[in-house]
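Let's take a friendly walk through a protein fold, one piece at a time. Keep the picture beside you as you read.

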Amino acid sequence: MKDYHICKCYRCNHKWGTVNEEPKRCPKCHSTKWAVPVKTGESSPRVRSVSRSMIGPDLMKEVVRRYAEGESCTAIAIATGISFSDVYAIVKSHYAGDHILV
Ligand SMILES: [Zn+2]
């Protein structure tokens, strides 16, 4: 005796019981792609990552200048509107090895 199992159609959500291991098509909507999930990712907005490349060279210079004048990373982040992690990364890249004033 064959196993009786339940199939579910991704197209019309129809469920049916069958002994067929791989039914060719959905008995309700007759789709041959009943076992293939419907793609939904195409209309969803792409995840945008805000990277350091958004910060222009002028802004990076200002960060370095402010830091050289004695401002902390926190103060620079507040003054320039750049996120702290980005300010820290810029300073760190200019003062590699030094203790960074946060
Ligand atoms: Zn169907």
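The secondary structure of this protein comes to three helices and two strands, where helices (H or I, at least four residues) and strands (E, at least two) are DSSP runs numbered from the N terminus. Read from the N terminus on, the order is β-β-α-α-α. The model is predicted: local features need pLDDT of at least 70 and side-chain atom pairs count only at pLDDT 80 or more, while totals for chains, interfaces and linings use all residues. Residues are numbered from 1 along each chain as its sequence is written.

**The strands.** Strand E1 (residues 5–8) and strand E2 (residues 15–18) run antiparallel and are joined by four bridges; strands pair if DSSP finds at least two bridges between them. One of these bridges links lysine 8 with lysine 15 in E2. The hairpin of E1 and E2 has six residues between the strands, and asparagine 13 takes a positive phi near 65° there.

**The helices.** Two packed helices are described by the angle between their axes and the distance between the axes. Axes are lines fitted to C-alpha atoms, for helices over the stretch in contact, and angles run from 0 to 180 degrees between N-to-C directions.

| Helix pair | Angle | Axis distance |
|---|---|---|
| H1 (residues 57–68) and H2 | about 140° | 10 Å |
| H2 (residues 73–80) and H3 (residues 84–94) | roughly 120° | within 9 Å |

H1 is therefore oblique to H2. Angles under 35 degrees count as roughly parallel, over 145 as roughly antiparallel, 65 to 115 as roughly perpendicular and the rest as oblique. The crossing of H1 and H2 is right-handed, a term for the near helix being turned clockwise from the far one by less than a right angle. Here Leu59, Glu62, Val63, Arg66 and Tyr67 in H1 meet Ile76, Ala79 and Thr80 in H2; residues are in contact if their C-beta atoms, placed from the backbone, lie within 7 Å. By type, the residues of this contact are five nonpolar, one polar and two charged. Ala, Val, Leu, Ile, Met, Phe, Trp, Tyr, Cys and Pro count as nonpolar, Asp, Glu, Lys and Arg as charged, and the others, Gly among them, as polar.

H2 and H3 are oblique to each other too, and H2 passes H3 in a right-handed crossing. Cys73, Thr74, Ile76 and Ala77 in H2 meet Phe84, Val87, Tyr88 and Val91 in H3. That contact has seven nonpolar residues, one polar and no charged.

**The whole chain.** Of the 102 residues, 12% count as buried, with 20 or more other C-beta atoms within 10 Å of their own.

Technical notes. Contact = placed C-beta atoms within 7 Å.
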